[in-house]
Protein chains: 2
Amino acid sequence: MDMDIIEAKANIFKALGHPSRLAIVEKLAEGECCVCELVELVGADFSTVSKHLAVLKDVGIVDFTRDGQKMIYRLKVPCLLRFIDCIDNVINRNDSNETRACGAETLQTAGSK
Amino acid sequence: MDMDIIEAKANIFKALGHPSRLAIVEKLAEGECCVCELVELVGADFSTVSKHLAVLKDVGIVDFTRDGQKMIYRLKVPCLLRFIDCIDNVINRNDSNETRACGAETLQTAGSK
DNA sequence: TTTATATTTGGCAATAATACCAAATATAAA
DNA sequence: TTTATATTTGGTATTATTGCCAAATATAAA
C-alpha cells in the first residue's frame, strides 16, 4: 500500500471536509466566480475565504485567473459533483437501505485503477 | 444554502480525509475484515484504529457486526469507491488535462439528487 | 501619483484532531 | 471460574486547523 498516494488522496478529502470549503466547491460547480462572491456566500472574513481557497488550490481541485482586480476561481475537477451527490445519498438514508442509493449501477461504470 | 446539510456532508469528507481512515476504507472495499487486520494494515495502536473506525461509523460509511471476539467491519457505502477512483485521477494529472480524466462521461451517468 | 478595491500573507489565540497508554468490557477457551 | 483475546473508552500531551486582525500586494480609477 503506497502511503504517498494514500496521503495525497486523503488530502483531497480533507480539503473538502470543511463546511465553508464544501460550500465554495458546490458554488463553483454552478460556475466560476470571484472571491468577493464567495465571501458573501460563506459569511466569513475575506482572509479566511482566501485561505480556504488556497487549500482547495493546493490539492488541485480549483484554479483561478485574474480579471482586473478580481480573482476568478473555478472548479478544476467536475467529477467532484458526483461525489457530492453520492454523499447526499449517504446523508439521506444513513440507517436504512445501506448499499442501495449509489451502489451497483454507479460502480459498474467506474473502471479506473 | 442549508448549512446543516453542508456540514453533514463535510463531515463525511473529513472522515475520509485521514490517511489511515482512507486506507481502511480502501481495504474494506475489498471485503469486510476485523479490527486486528486493520491494525496490521495501518500500523497504529489498536486503540487508535478503533477510534478511526468510530469516526467512519459515526458518519455512516462503515458498519460492523460481532463475530465471537472479533468485530467485523464492512463498507456501508460502495459508491465511495467511485470517489476514490476519481481522486486517483486528480492525483495523476494534477497540472494538465484538468477536466478530462473523470469529467463528462462520468458526470452524465450521475442523475441522483 | 494618490486613492480605492480586491485579494493574499503573516501572526496569533482558540479550538479540534491525533496517537499513545492504561484501564474497562465482552467473548471465548481452559 | 480463571485466563486469554479482541476491542472500546478515558485521559492526556502533542500537533494541526481555523478564523480573525493587521499589513502587504496588485490592479484600476481618479
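How do the residues of the surface near DNA strand C divide into nonpolar, polar and charged? They divide into eight nonpolar, nine polar and four charged. In this count Ala, Val, Leu, Ile, Met, Phe, Trp, Tyr, Cys and Pro are nonpolar, Asp, Glu, Lys and Arg are charged, and the others, Gly among them, are polar.

Before going on, some notes on the model. It is predicted: local features need pLDDT of at least 70, side-chain atom pairs count only at pLDDT 80 or more, and totals for chains, interfaces and linings use all residues. Residues are numbered from 1 along each chain as its sequence is written, while chains are lettered from A and ligands numbered from 1 in the order in which they are written.

A residue is near a strand or molecule if its C-beta atom, placed from the backbone, lies within 6 Å of it. Of the 21 residues around DNA strand C, Cys34(A), Cys36(A), Ser47(A), Ser50(A) and Ser47(B) come nearest. Two or more residues each are given by helix H3 (35–42), helix H4 (46–58) and strand S3 (70–75) of chain A, and by helix H4 (46–58) of chain B. H4(A) gives the most, with six residues. Helices (H or I, at least four residues) and strands (E, at least two) are DSSP runs, numbered from the N terminus.

H4(A) also packs against helix H2 (residues 19–29) of chain A, at an angle of about 70° and with the axes 10 Å apart. That makes H2(A) roughly perpendicular to H4(A), a term for angles of 65 to 115 degrees. Axes are lines fitted to C-alpha atoms, for helices over the stretch in contact, and angles run from 0 to 180 degrees between N-to-C directions. On the H2(A) side the contact (C-beta atoms, placed from the backbone, within 7 Å) is made by Ser20(A), Arg21(A), Ile24(A) and Val25(A). H4(A) brings His52(A), Leu53(A), Val55(A) and Leu56(A).

Now the sheet of chain A. Three strands form an open, antiparallel sheet in the order S1-S3-S2; strands pair if DSSP finds at least two bridges between them. Strand S1 (33–34) and strand S2 (62–67) of chain A stand at the edges with a single partner strand each, so one side of each has no neighbour in the sheet. H2(A) packs on this sheet, touching S1, S2 and S3 of chain A, and its direction makes about 85° with that of S3(A).

Last, chain B. S2(B) and S3(B) form a hairpin with two residues between them, and Gly68(B) in the turn has a positive phi of about 65°.

Notes. Angles under 35 degrees count as roughly parallel, over 145 as roughly antiparallel, 65 to 115 as roughly perpendicular and the rest as oblique. Two residues are in contact if their C-beta atoms, placed from the backbone, lie within 7 Å.
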